[in-house]
Each structure stands twice: as structure tokens, then as C-alpha cells.
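Dear colleague,

I am handing over the structure below for your records.

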Amino acid sequence: MKRTMPKPDTIRKMAQMIAATRPVEIGCDECFEKLDRFAELHLAGKNAAEAMPLVQDHLDRCGDCREEFEALLAALKAETEDA
Amino acid sequence: MSDRTNLEWREALLSPQADTALTDLRAILLRGLRYALAGRGVTESDLEDFTQDALLKVLRELASFRGEARFTTWAQKVAVRVALTELRRRRWRDVSLQDLLAEHEESDFTPAVLTDKAPDPGQIAVRTMMMEKIQRIIAEELTDRQRQAMMAVMQGGMPLQEVAQRMGTNRNALYKLLHDARQRLQGRMMREGLSPDEMLAMFSEA
Ligand SMILES: [Zn+2]
């Protein structure tokens, strides 16, 4: 089988990701565990990223978790809006 | 509608007369999902199904709710995960990892993409060299699994969940595998005399 080669744009993204890699990162499970609290802080106008930096860090890196966070925010905003 | 305390929610859902609480929770989740999934082309019956699945999951996992957020926030989080998991599954159902990766086989290495964005010829040369270096390092440092996962996510745009499922693992483990891969690459880059900061600087203004 031929080996798949990364395109220049992918390499650029990879370079950024490699450079930004830290020894300590949380996984999707831990992020999910803390996501409700994180979302509440965020919606309360508090600095959630500062209070829970590893969650913010994970959200910056993980598309699946980021998508769920954004959907959760939308769902929570619905709760506070008039029916 | 959601003016129960966390404790009251738990007690109500666990009591033999949970009907009212279930109805209330159902309405909250349905409404939340409607907003959360707006613009994704989901049908009313999808919303009903997701809500039902979410409700069951919430009840199943009630014991794991630790009260660090409001109960309804926790439940909505579970619901959003249920719905998006299913939507991703549908969206990618017909795409195999082989197909996804094959699309990019032999993709030629066109410096045109670079020249457009790089400010001067000197920098273009440096970047081209750097890209070649990264390609080589990826080939040398990563296991087949790591490379496959990284390509599927970063180039193929496939969600971790779907890559994980195709590779016989789960999303959390796949994230760790990718983290390990990134760390290996970073270590190698540093051994080759390139610091993360330099690398960021080189690629960020592109
Ligand atoms: Zn994640």
C-alpha cells in the first residue's frame, strides 16, 4: 500500500500542533466530566479558561469535544430564554 | 420548570412516582437539543429519538452525577453527547479509513501553497525545508497507527470518535495516542535543534 503523505496545509497544522504540545493534557473523558461546570462558569461570565485551564486547553485541541461544548452552550442558553 | 435543586431532581427521578420529573426533564432536554442542533438538518423525529436516548442515559448514569454543576446542565451535557455521537456516526457512516486516506495518496507536494503566503523567497525556502523535515520525521517517528490516526483527523477531517471506532479503540484512548504522537514529534524536533517557539513563529504568520 502506498503511504499517505500529508499535504502542505496539513503539515502546517501539524507543525503548529506539535509546537503547542504539552506534557500534561487531559483526555476526552476528563474533559467531558468537567464540561458542565466549565460551561456554567463560561455562561456566568466568569473566566472559565483561567479556572479550568486544562479543559480550555483540551477544547482548543479536540474538535469532538469543542463541538459538544458549543452545542451544550446553545442548549443551556435555550433554558434561560423565554419559551 | 427546572426549579428543583440537584438533590430534589435526584430524589424525584429515583422515586416510584418519577413521572412528573421525567416529563419535566424530557421537556428540558428536547428544548435544549432543538437549540443545540439548530441548522444541522435534524428532523422532529430525530429530536424525539435523541431526547429519549438521552433520558435513558441520564437515568442509567444518575449515580455518576456528582453535583459539581446544576443537574439540568449535567443532563443536557449527556444529551448533547448522545445526539452528536449519533449525528457523527450518520455523517461518516459510508466513509472507510482506507478511502479517506487513499484520497490523499500521492498528493503532490506543491510549494505553490507556500509561495502564496510566505513573505519572501528566503522564508519560502526555509519553510519548504521545514515541511520536508516534518514529513520525514513523521515517517520515521510515528507508528502506523499513530500516523493513520493523525492523517485521518488532521487531513481527512474525521472526528476522533469515528476514527477511534474504525481503529477498534475509543475516543479518549485515541486522543492519548495522538498526544503521544505529538510528544514524540516534538521531542524529535527539539533533538534536531528546533524549539517549539521557533516552529510556531515560522508557521503562525502564514
Ligand atoms: Zn476531546
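**Helix packing and domain contact**

Please note that this is a predicted model. The crossing of helices H5(A) and H4(B) is right-handed. The residues that make up the contact of H5(A) with H4(B) comprise six nonpolar, three polar and seven charged.

On the side of H5(A), the residues in contact are Asp64(A), Glu67(A), Glu68(A), Ala71(A), Leu72(A), Ala75(A), Leu76(A) and Glu79(A). They meet Thr72(B), Thr73(B), Gln76(B), Lys77(B), Val80(B), Arg81(B), Leu84(B) and Arg88(B) in H4(B).

The domain assignment gives domain 1 of chain B as 6-91 and domain 2 of chain B as 97-203. The centres of these two domains, taken over C-alpha atoms, are separated by 37 Å. Five residues from domain 1 of chain B and four residues from domain 2 of chain B take part in the contact.

Between them, domain 1 and domain 2 of chain B bury about 370 Å², with 39% of it on carbon and sulfur atoms. Within domain 1 of chain B, the most area is lost to domain 2 of chain B by Arg81(B), Arg88(B) and Arg89(B), which together account for 88% of what that side buries. Arg81(B) and Arg88(B) are also among the residues of H4(B) that meet H5(A).

With kind regards

Methods
Residues numbered from 1 in each chain as written. Chains lettered and ligands numbered in written order. Predicted model: local features only at pLDDT ≥ 70, side-chain atom pairs only at ≥ 80, totals over all residues. Heavy atoms only, no water. Left-handed = near helix turned anticlockwise from the far one by under 90°. Helix = DSSP H or I, 4+ residues; strand = E, 2+ residues; numbered from the N terminus. Contact = heavy atoms within 4.5 Å. Nonpolar A, V, L, I, M, F, W, Y, C, P; charged D, E, K, R; others polar. Domains from an automatic or database assignment. Buried area = accessible area lost by both parts, 1.4 Å probe.
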